[in-house]
Amino acid sequence: ISVDGMNGESTKKQNASDEYKQVQLAEQVRNIALLDGIHQHLSRSEGQNSLLGIISQHVCLLFGINHCILFLHDKASDRIHAISGQSQPPQLAELSIPLTAGRSLVSDALLNKQMTHSFDDDVKLLSIVDRQLIGITGQEGIVCLPMTANNITLGTLILGADITQFENLQKQQTLLMRFVNEVAHTISVNNLSGSAPAQAAQQANPLEQKIREVLHEVRNPLS
């Protein structure tokens, strides 16, 4: 039957295209709804360990991944440092990777601003630090997701996954990257990417300011 100048076959193709677009639209609306709740939860994070806990919770709920590691960039040393959570090995906090090409999948993801993973490579050919991370997650491989905001490098989120989970992540890549962007936004707004020495310096600043005020008050009567 001709409809608006189209024959029956063309009409079927048009209807199929419309249905596909509706499915895509429904998926986008679902993703926006999910991310809105995540945004509110992330905005309530207090400190790096709190942020890691919230990230781990939502990575599990959204993608079925139970193992994630957070690396944050320290601008002063130009290295990325792992954040150790309560359920993770304490030696993880000692992991520090220079932000140079070829040193690790973790640094390459951040430098190239694109997802990297270990599933196309022979594990034996990976760098020592990448093999360490796979061992820490206890999974077949790792997926490294770069976090940037306003062209500022913030860090890398590592997900430990098996091959089935990795294939599912690829299918959900749009939602995955939007989730990572929400995390990056939270880190940027709350200034959570500072290293431990930088945070210690920030804590020392109020004391230093107080000392200066006292010295100023002492100088006045002496003068």
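Is Met147 buried or exposed? Met147 is buried, because its relative accessible area is 0%, where buried means under 20% relative accessible area, exposed over 50% and partly exposed in between, with a 1.4 Å probe and protein chains only.

## Model and overall fold

This is a predicted model, in which local features need pLDDT of at least 70 and side-chain atom pairs count only at pLDDT 80 or more, while totals for chains, interfaces and linings use all residues. Residues are numbered from 1 along each chain as its sequence is written, and side-chain values use heavy atoms, with hydrogens and water left out.

The protein has 7 helices and 6 strands. Helices (H or I, at least four residues) and strands (E, at least two) are DSSP runs, numbered from the N terminus. In order from the N terminus, the elements are α-α-β-β-β-α-β-α-β-β-α-α-α. Of the 223 residues, 37% count as buried.

## Met147 in strand β5

Met147 belongs to strand β5 (residues 141-149).

## Helix α2

Helix α2 has 16 residues. From its first C-alpha to its last it reaches 22 Å, close to the 22 Å expected at 1.5 Å a residue; the expected span is 1.5 Å times one less than the number of residues. Just after α2, Gly64 takes a positive phi of about 70°.

The buried residues of α2 are Gln48, Leu51, Leu52, Ile54, Ile55, His58, Val59, Leu62 and Phe63. They lie on the same side of α2 because they cover an arc of only 165° around the axis, the arc being that of the directions from the helix axis to the C-beta atoms. An α-helix has 3.6 residues a turn, so residues three or four places apart point the same way. On the other side of α2, Asn49 and Leu61 are exposed.

## Aromatic pairs

A search of the whole structure gives 2 aromatic pairs. Rings of Phe, Tyr and Trp (its six-membered ring) pair if their centres lie within 6.5 Å; planes under 30 degrees apart count as stacked, over 60 as edge-to-face and the rest as tilted. The pair of Phe63 and Phe179 is edge-to-face, because the ring centres are 6.1 Å apart and the planes are at 70°. This pair links distant parts of the chain, with Phe63 in helix α2 (residues 48-63) and Phe179 in helix α6 (residues 173-190), 116 residues apart. Both Phe63 and Phe179 are buried.

Phe119 and Phe166 form a stacked pair, at 4.5 Å centre to centre and 15° between the planes. Phe119 is in the loop between β4 (116-117) and α4 (128-137), and Phe166 is in helix α5 (residues 163-171), 47 residues away. Phe119 is buried, with a relative accessible area of 19%, and Phe166 is buried at 5%.

## The largest pocket

The largest pocket has a volume of about 260 Å³. On a 1 Å grid over the protein atoms alone, a pocket is an open set of points where a 1.4 Å probe fits, with protein on both sides within 12 Å along at least five of seven lines; lining residues have an atom within 4 Å of a point. Grid points are joined across faces, edges and corners, and the volume is the space filled by probe spheres set on the points.

Of the 15 lining residues, Ser56, Asn66, Cys68, Ser87 and Gln88 are the closest to the pocket centre. The elements that give two or more residues to the lining are α2, β1 (67-74) and α4, and α2 gives the most, with 4 residues. By class, the lining has 5 nonpolar, 10 polar and no charged residues; Ala, Val, Leu, Ile, Met, Phe, Trp, Tyr, Cys and Pro count as nonpolar, Asp, Glu, Lys and Arg as charged, and the others, Gly among them, as polar.
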